[in-house]
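Take a look at the structure first, and then read on.

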Amino acid sequence: LLPLPFGIDLVIEQYVDTLQSYPYLTINAFNLWGALGQNRTELNLLTSVLGYVLLAAIVAACVYIFVKARNRESKYFFIGAVLAFMTFMLSTKMHERYAFPAMVLILLCFVMEKDVKLFVAYALFSLSQFFNMAYVLFVYETNPNLYYKSPAVFIASFVNLAIMAYFIYVARGYCAAGAQ
């Protein structure tokens with residue numbers, strides 16, 4: 001509703017232009033593509049389709065959580081966190097800054113649920129995100145060539161994949177508790 005006075009067509013045009021200006025698997029994000037050494041690798045037909053398939057799987061997982069969580073008040077925050085975090089980790093065209101919404105939503109879910117596993121997920125991802133941002137600001141900005149050749153990018157990306165596995169474990173418990 002906010003962009004209506006300014007013209008929704010301008011907002012859609014800006015969104016499409018932005019998506020077209022980043023034709024890469026990932027840009028400085030410690031995610032699946034970073035773990036595979038594909039930072040700033042241009043998309044091709046196969047990786048574009050794979051990105052959409054992974055995005056569809058993420059949405060399907062969110063629908064599953066919605067159904068399983070039933071009447072849990074925090075399910076909207078949790079589903080938002082899953083959508084944001086898994087999209088950051090698996091989808092194409094991701095930047096390091098796209099993970100921030102997941103952190104906020106995981107924290108809000110913890111505040112409502114008081115489940116220590118949600119706090120651990122928040123803490124792990126926050127630390128990882130802090131390292132991702134710091135690495136971009138202090139290494140990439142000063143020496144981009146060092147950034148691409150550094151094993152720290154690969155290691156941190158694999159750590160994020162481990163955090164994603166933990167988050168999937170938390171999601172399974174969240175759904176099981178909501179189904180009761």
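Lysine 114 is exposed, because its relative accessible area is 62%. Please keep in mind that this is a predicted model. Lysine 114 sits in the loop between helix 5 (100-113) and helix 6, and its phi is positive, about 60°, although it is not a glycine. In general, most residues other than glycine have a negative phi.

Lysine 93 also has a positive phi, near 65°, and is a residue other than glycine. Its place is in the loop between helix 4 and strand 2 (94-95). With a relative accessible area of 23%, lysine 93 is partly exposed, so it falls between the cut-offs of 20% and 50%.

## Helix 6

How far apart are the end C-alpha atoms of helix 6? They are 34 Å apart, and this agrees with the 36 Å that the 25 residues of helix 6 (residues 116-140) should span at 1.5 Å a residue. At the start of helix 6, a side-chain oxygen of aspartate 115 comes to within 3.0 Å of the backbone nitrogen of lysine 117.

Serine 128 is found in helix 6 as well. Is serine 128 buried or exposed? Serine 128 is buried, because its relative accessible area of 10% is under the 20% cut-off. Its side chain makes a polar contact of 2.3 Å with the side chain of asparagine 160.

## Aromatic pairs

A search of the whole structure finds 12 aromatic pairs. A pair of aromatic rings is described by the distance of the centres and the angle of the planes. Two of the pairs are set out here.

| Pair | Centre to centre | Angle between planes | Type |
|---|---|---|---|
| Phenylalanine 66 and tyrosine 76 | 6.1 Å | 55° | tilted |
| Phenylalanine 85 and phenylalanine 125 | 4.2 Å | 80° | edge-to-face |

The pair of phenylalanine 66 and tyrosine 76 links distant parts of the chain: phenylalanine 66 belongs to helix 3 and tyrosine 76 to helix 4, 10 residues apart. Phenylalanine 66 counts as partly exposed, because its relative accessibility is 38%. Tyrosine 76 has a relative accessible area of 55% and is therefore exposed.

Which residues do ring pairs link into a cluster? They are Phe78, Phe85, Phe88, Phe125, Phe167 and Tyr174.

## The second largest pocket

Rolling a probe the size of a water molecule over the atoms shows where empty space is left. The second largest pocket has a volume of about 190 Å³. It is lined by 14 residues, and Ala61, Ile65, Val82, Met86 and Ile168 are the closest to its centre.

Which helices each supply at least two residues of this lining? They are helix 3 (45-69), helix 4 (75-90) and helix 8 (151-178). Helix 3 gives the most to the lining of the second largest pocket, with six residues. By residue class, the lining has 13 nonpolar residues, no polar ones and one charged residue.

Terms used:
Residues numbered from 1 in each chain as written. Predicted model: local features only at pLDDT ≥ 70, side-chain atom pairs only at ≥ 80, totals over all residues. Heavy atoms only, no water. 1 Å grid on protein atoms, 1.4 Å probe; cavity = no way out; pocket = protein on both sides within 12 Å on 5 of 7 lines; lining within 4 Å. Points joined across faces, edges and corners; volume = space filled by probe spheres on them. Helix = DSSP H or I, 4+ residues; strand = E, 2+ residues; numbered from the N terminus. Nonpolar A, V, L, I, M, F, W, Y, C, P; charged D, E, K, R; others polar. Expected span 1.5 Å × (residues − 1). Polar contact = N/O pair within 3.5 Å; in protein donor to acceptor, adjacent residues only side chain to side chain. Phe/Tyr/Trp six-rings, centres within 6.5 Å; stacked < 30°, edge-to-face > 60°. Buried < 20%, exposed > 50% of the residue type's maximum accessible area, 1.4 Å probe, protein only.
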